[in-house]
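Here is a set of questions and answers about aromatic rings and the charges beside them. Each answer sets a value against its definition.

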Amino acid sequence: MLKLYGGAMSRASIVQWYLEELEVPYEFVKLDLQAGEQRKPEFLAINPIGKVPAIVDGDLQLWESGAILLYLAQKYGKVALSLEENAQVAQWVLFSNATLATGIFTEASREKETPRLLTPLNEIFGRQPYLLGDEFTVADVAVGSILSYVSFMLKLDLSPYPAVLNYIKKISERPAFQKTIGARG
């Protein structure tokens, strides 16, 4: 059975959300991050960087939430995607972790980056329900998780972005979201 390693307040909940969406059985191994369990030799054998989340799926040991999401989508996703569709999914997953999270959660850049990042997202969600069109994908897990964190961790005023607010509301009502990220908020 797939094992997901994470902490109480960690990005492991993003991976957990997607595992619930996919209905993949998994064991959640909760590490006490305050006590430094992620720096013990047993976990460093899985992720030498000593960060969560990480998964063990058979012989595969994988860390970094974006890489894990992409792997799960390819292995367990219910729809086979073309090379081009996979590239678009990867684009959004990488955008989520590298650009969106950094731009909004870094206080020094937040004021400048928030409108630059959320305006085009607002336009996309004004035209279509999800990032890639009518279907919910792993791209929505990646971007949607960051957007939901913005709304309940930073308490930013997102009223200038009504389509983004509607998107956050829609994804946060998903049962798998409620069971994972929503249970923390």
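This is a predicted model: local features need pLDDT of at least 70, side-chain atom pairs count only at pLDDT 80 or more; totals for chains, interfaces and linings use all residues.

Residues are numbered from 1 along each chain as its sequence is written, and side-chain values use heavy atoms, with hydrogens and water left out.

Q: Why is the aromatic pair of Trp-92 and Phe-95 called edge-to-face?
A: Rings of Phe, Tyr and Trp (its six-membered ring) pair if their centres lie within 6.5 Å, and planes under 30 degrees apart count as stacked, over 60 as edge-to-face and the rest as tilted. The centres of Trp-92 and Phe-95 are 5.3 Å apart with 90° between the planes, so the pair is edge-to-face. By this rule the count comes to six aromatic pairs.

Q: What makes Tyr-130 and Phe-136 an edge-to-face pair?
A: Their rings are 5.6 Å apart, centre to centre, and the angle between the planes is 85°.

Q: Why is Tyr-130 called buried?
A: Buried means under 20% relative accessible area, exposed over 50%, and partly exposed in between (1.4 Å probe, protein chains only). Tyr-130 has a relative accessible area of 10%, so Tyr-130 is buried; Phe-136, at 17%, is buried too.

Q: How do you know that Arg-174 lies over the face of Phe-136?
A: A charge sits over a ring if NZ of Lys or CZ of Arg is within 6 Å of the ring centre and within 35 degrees of the ring normal. Arg-174 is 3.6 Å from the ring centre of Phe-136, and the charged end of Lys-170 sits over the ring of Tyr-130, 5.0 Å from its centre.
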